[in-house]
Amino acid sequence: MAGLSPPGVLFAVLGLAAIFAPFMTLAANRIVAGEGRALWTLAAPQITGPGIALMLLGLALGLPAARPFLRIAGAALGLAGLVWLLVLGAASLLAEAGDYARVSPAAGFWCLLVVFALMMADALSALSPGPAARAGLLVLVLALIGALLWSGALSDLSIAQEFASRKDAFYSASLRHLGLAFGSLLAAAVIGLPLGVMSHRNAGLRRALLPVLSFLQTIPSLAMFGIMIPVLSWLSGVIPGARAIGIAGIGFAPAFLALTLYSLLPVVANVLAGLRTAPAATLEAARGMGMTWRQRLTRVELPLGLPVVLAGLRIVLVQNIGLAVIAGLIGGGGYGTFVFQGLNQTAGDLILLGALPTVALALISAIAMDILVEVTTPRTEREE
Amino acid sequence: MSRSGAIRAACVALLLALVLRPHWFAPVFAPFAPAGGPVIYERASILSLSLSHLGLVALASGLATLVAVGLAILVTRPAGAAFLPLSRTITNIGQTFPPVAVLALAVPALGFGAGPTLVALFLYGLLPIFETAIAGLSTLPPATMEAARGIGLTRWQRLIRVELPLALPVILTGIRLSVVIAIGTATVGSTVAARTLGEVIIAGLLTSNTAFVLQGGVIVGLFAVLVYDALSLLETALTRRLGRQPAGADT
């Protein structure tokens, strides 16, 4: 066992098991349940053989503990084999099936994808790359995925066909989803930062504000969206001109407001926690240098607390990307529209068309924000 | 103390009334119902929805606790330390995947009903428990551990009799966080036909009946607050008994 990476052994076992699971599903049309097809039944052996060999080689390269670069290469080979099989397997399955046939990745594909992705992450964490390297890697991976989608190699897949028939709706849903998630983040930051700074200085305000914000968080997200509808339709009736700027009981506005209210507690709480990170001695020194409180705030407390503040914004962003899906339930648009349409029609690919971009967006934002948090962390702390 | 006790008792009484005698609240919610529409949700009994809601949360959080604490024990032993980065990655991803998306993605595999909700709540709840369990198990007082070794306890005995009891208050902080999030998030499960209090809220959303939204929201909110409170009390009691420092406000 010496020299073997224990997670690598786990990946090899799971990966080998997943190779025997159905890799793709072939269905006669968009709605009916399909039949699962094992890897080696996708196409002729000269097509499936190289793909399977690549994945086996990848799993084997993941075994040596002392060679993280080898493990990364193994994960990359495995992913390449996976894509190879997906692209060529889909084409070959469709060639033998009827006009309305649909192919989609099945459990085996998803399991292998998870195994190789985790293998990559595990090997990377052994190298503990710095923020710049991680950012470069993120861009590289996104570029590769983008190129794969752009090339049209995946256009045989069922989800790509759902996308093709809804291109415009997809782009406007994407814009709306981004607008909801990032817009509410921005609004929460604009409101929450000053509130946090003020309540840092003013204990009375802090005692009054935090229970209110905590109370807002106990409202379940679904109910929050629901409560905003009548509140906003009342507002749009009472305030002249409100309707003209888009404040209405349905659509974007209630979803946006619900997300913003939901985000205030993490922002304010993390601003407070961040401002408290400045060591007493440092503050004493700043005071001794004759800094005003405004100078202490902008030159000492905020820079030192920035990572904690950003960590709060990360929580909010990831949370809002997920919660924005619920907007689809109240006509607020975004990827939730596809998710709930798909659920109603039990059309799995439509669900995927809404859920996959949401998951991808959440993951990318989390990784990017983590990098940002690390960049802003003072060096001495990072080495601890 | 007596004041917070009184507030607590009032909340419990209010929640019991809302769950057992929803009709008492018809006058309260009536202004929010559409003209001539129903005020109180009647398609299912609130009690059975509440029980099913809490049951789902308990099952998902129980499983998450078992897995997260098990993983934390594994990675804090020398033999399992190699799995620490992997466990971190998995629990982090569990909380980064939006629960609504997980729910939707699980439907093709598990069908409509409780299954997808269980998966979503389980994945979402892993991270806080795992992180606090690691913190609890890796910050044990060295003198105590030395003493445990000194009196000849085996590894297993040390884990069961010393490490886990000492780490328990800290782990409870994570469990509390996870359970409270799950209580709110479970409502979303009703979009895929899980029986939760979310059913009431969704009925309200679909028929533009704010009375339903409020009724469901208030009950779920009260459950969350009271469970949070009960687990905090338990934590304080355990901490005091073990004579350990309070877990602190940083969790």
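This report describes chain B of a predicted model and a pocket that chain B lines together with chain A.

## Basis of the values

The model is predicted, so that local features need pLDDT of at least 70 and side-chain atom pairs count only at pLDDT 80 or more, while totals for chains, interfaces and linings use all residues. Residues are numbered from 1 along each chain as its sequence is written, chains are lettered from A and ligands numbered from 1 in the order in which they are written, and side-chain values use heavy atoms, with hydrogens and water left out.

## Fold and extent of chain B

Chain B holds 10 helices and zero strands, where helices are DSSP runs of H or I with at least four residues and strands are runs of E with at least two, numbered from the N terminus. The C-alpha trace of chain B spans about 75 × 50 × 25 Å along its principal axes.

Of the 251 residues in chain B, 49% are buried, that is, under 20% relative accessible area with a 1.4 Å probe and protein chains only. Among contacts (heavy atoms within 4.5 Å) between residues of chain B at least 6 apart in sequence, 75% join residues at least 24 apart.

## The second largest pocket

The lining of the second largest pocket comprises 17 residues, and A:L329, B:S190, B:T191, B:I202 and B:L206 lie nearest its centre. A pocket is an open set of points on a 1 Å grid over the protein atoms alone, where a 1.4 Å probe fits, with protein on both sides within 12 Å along at least five of seven lines; lining residues have an atom within 4 Å of a point.

Both α13 (336-345) of chain A and α9 (198-206) of chain B supply at least two lining residues, and α9(B) gives the largest share, four residues.

How values were computed
Buried means under 20% relative accessible area, exposed over 50%, partly exposed in between (1.4 Å probe, protein chains only).
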